[in-house]
Amino acid sequence: MTHSRMVLWLGALGFLGFGVAFTLWPLPMARMIEIPLPTPTARIDFAATYGGFELGFAAFLIACARRDAWLRPGLWAMTAALAGFALVRVQSLLSAAGPATTPIYVALVLELGGTAAGVWALRRTGTP
């Protein structure tokens, strides 16, 4: 397995793990990031948005990791998604009226690390 493919598999597993956690345990996950879910409708939408998207994106990354022709598009998608999360998280931290909790910083470190790994893997794969 190439290093680039391994990076994509790790990204897929990360999205899969978070997707499963947000789908199966929405209340504890929401409490960790201080999002109240006072109604069944809120819990359903939270699980679908946070869990469902991550599960679907993980499935896409797995498909990309299994096909040579899809490797670079998968790496681009993973890198762009993680960079987008990180960019908005940094912007939000800088404009917040107060400090964030530890899970926000842990997420930022994971996102920045995944972004760096994705950029590194894309450089290793060269041009299509």
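## S4 in helix α1

S4 is found in helix α1, where helices (H or I, at least four residues) are DSSP runs numbered from the N terminus. This is a predicted model, in which local features need pLDDT of at least 70 and side-chain atom pairs count only at pLDDT 80 or more, while totals for chains, interfaces and linings use all residues. Residues are numbered from 1 along each chain as its sequence is written, and side-chain values use heavy atoms, with hydrogens and water left out.

S4 has a relative accessible area of 4% and is buried (buried means under 20% relative accessible area, exposed over 50%, partly exposed in between; 1.4 Å probe, protein chains only). Leaving aside residues up to four places away in sequence, S4 touches L71, L75, A121, R124 and T125, contact meaning heavy atoms within 4.5 Å. A polar atom of the S4 side chain lies 3.0 Å from the backbone oxygen of A121.

## Helix α1 as a whole

Helix α1 covers residues 3–24. Its 22 residues reach 31 Å from the first C-alpha to the last, close to the 32 Å expected at 1.5 Å a residue; the expected span is 1.5 Å times one less than the number of residues.

The buried residues of α1 are S4, R5, V7, L8, G11, A12, F15, G19, A21 and F22. They pack against α2 (26–32), α3, α4 and α5.

## The nonpolar patch

M6, also in helix α1, is partly exposed, with a relative accessible area of 39%. Together with L10, L13 and L16, M6 forms a nonpolar patch on the surface, with about 360 Å² of accessible area in total. Such patches are made of residues with over 30% relative accessible area and no salt bridge, nonpolar side chains (Val, Leu, Ile, Met, Phe, Trp, Tyr) being joined within 5 Å and like charges within 9 Å. The areas come from the Shrake-Rupley method with a 1.4 Å probe, and for residues only the protein chains shown count as cover.

## Salt bridges

The structure holds 2 salt bridges, each a side-chain nitrogen of Lys or Arg within 4 Å of a carboxyl oxygen of Asp or Glu. In one of them, R5 meets D68 at 2.5 Å, N to O. This pair links distant parts of the chain, 63 residues apart: R5 is in helix α1, and D68 is in the loop between α3 (40–66) and α4 (71–95). R5 is buried at 15% relative accessible area, whereas D68 is exposed at 63%.

R89 also forms a salt bridge, with E111, their closest N and O atoms being 2.6 Å apart. R89 lies in helix α4 and E111 in helix α5 (residues 102–125), so this pair ties together parts that are 22 residues apart in sequence. Both R89 and E111 are buried.

How values were computed. Helices (H or I, at least four residues) and strands (E, at least two) are DSSP runs, numbered from the N terminus. A polar contact is a pair of N or O atoms within 3.5 Å; within protein, one must be able to donate a hydrogen and the other to accept it, and residues adjacent in sequence count only if both atoms are side-chain atoms.
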